[in-house]
Amino acid sequence: MQKMAKDSPFWWDSGYADHDVSCMGGPSPEIFEITPALRAKSVIVELGCGEGRNVLYLAQLGHQVVASDISEAAISKLNRLAGALGVNITSAVAPVETFQSPAYLDVFIAHCVLHFTERTIWRPLVTELMDRTRPGGFHCFTNTLDQADHPIPEESLACGHKKSFSRGELAAIYAQGGWEILRSDHYIKWDSHPGIPIHSHCIEKVVARKPIGSENLSRMRAEPIKAAGVIPAKQFDNLKLGTQRAAAIEMFGWPSGGQMMTITQKTVGGNNQEAISDGYVREDMIYGNHGLQFVNGTLAGKYRYFTPPKRLIIRDA
Ligand SMILES: C[S@@+](CC[C@H](N)C(=O)[O-])C[C@H]1O[C@@H](n2cnc3c(N)ncnc32)[C@H](O)[C@@H]1O
């Protein structure tokens, strides 16, 4: 099976076939951010979960996780990592197209997967999941958009990218349904994965929350991250992934703003190289409309924001 995955036309499968490396990195920041507002033992559904960087972290916090992916290599690695971390998850090799939702859920995550499905698939699915989500639940999406100056990368087209999202489409669906739009971010991200040295994506990230009603759950709000300073365009373009944090500070000075995500326990994707590591520190340093993402002190991603960078915090804390 591992050999088949290495020969797969899908670029991520060779990274999934290697159970010792991290293909996608650690948990996504918005997943980390919503955790203080979740009810205990939330039901979390992630489609296209890959090797499980989000669901494994959520399972470690005691939530009930249902995760699926079309890739056998992904689910095999996810199950192996769940065993290594000592967490229970419900997983399946299944395409989004045949997904059967549980009766209710609290969180839905689709990170860089629904753009591989047609609008005729994802729209009815989203509507059904909105109905089945309990009050105060979250839906978290990341999708890549086809933008003239940053078209969908060749390797994504080769994997069947459908260009099935336009900017603002998801937020409009949720706003119409009466949900709160906590984030609707638009940016370009440069990053790398095993076998993909560096590529850029035009990304839309949306976090929407169903009204809390009478539930006793914390409210959240998006807070802009202070973003003074500047990185000259040419220096930003030439800045190499792998640059050390200290070298970046020497070049650009201390950033006026940033976001820190620290996980102290054994976790997945610690440094974009090891599948499991002892702790994870992701630091986003913001300079004007540019962001530098350091993982354990090493530059793992670069951002150019069209919308101001934000973080989610508890509103009434
Ligand atoms: C770019 S990876 C993202 C993985 C994961 N969501 C993450 O953020 O780490 C895309 C994932 O979507 C999965 N995928 C692609 N098309 C799919 C489909 N139709 N149904 C389910 N999973 C799919 C792939 O196997 C792959 O794991």
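Mentor: A residue is near a molecule if one of its heavy atoms lies within 4 Å of it. The model is predicted: local features need pLDDT of at least 70, side-chain atom pairs count only at pLDDT 80 or more, and totals for chains, interfaces and linings use all residues. Residues are numbered from 1 along each chain as its sequence is written, and side-chain values use heavy atoms, with hydrogens and water left out.

Trainee: Which residues come nearest to the ligand?

Mentor: Tyr16, Gly48, Arg53, Asp69 and His111, out of 19 residues around the ligand.

Trainee: How much of the ligand does the protein cover?

Mentor: It covers 94% of the 590 Å² of accessible area that the ligand has on its own. That area comes from the Shrake-Rupley method with a 1.4 Å probe.

Trainee: Why is the Arg245 and Glu283 pair called a salt bridge?

Mentor: The term needs a side-chain nitrogen of Lys or Arg within 4 Å of a carboxyl oxygen of Asp or Glu. Here the closest N and O atoms are 2.5 Å apart, so the pair qualifies. Arg245 sits in helix α10 (residues 245-252) and Glu283 in strand β10 (residues 276-287), so the bridge ties together parts 38 residues apart in sequence. Helices (H or I, at least four residues) and strands (E, at least two) are DSSP runs, numbered from the N terminus.

Trainee: Is Glu283 buried or exposed?

Mentor: Buried means under 20% relative accessible area, exposed over 50%, partly exposed in between (1.4 Å probe, protein chains only). Glu283 has 14%, so it is buried. Arg245 has 26%, so it is partly exposed.

Trainee: How do you know that Asp191 and Lys189 form a salt bridge?

Mentor: Their N to O distance is 3.9 Å, so the pair falls within the limit. Asp191 is buried at 9%. Lys189 is buried at 13%.

Trainee: What about Arg282 and Asp284?

Mentor: Their side chains meet in a salt bridge at 2.7 Å, N to O. Arg282, at 7%, counts as buried, and Asp284 does as well, at 8%. Elsewhere, salt bridges with shared partners join Arg39, Asp106, Arg134 and Glu215 into one network.

Trainee: How many salt bridges does a search of the whole structure find?

Mentor: The search finds 17.
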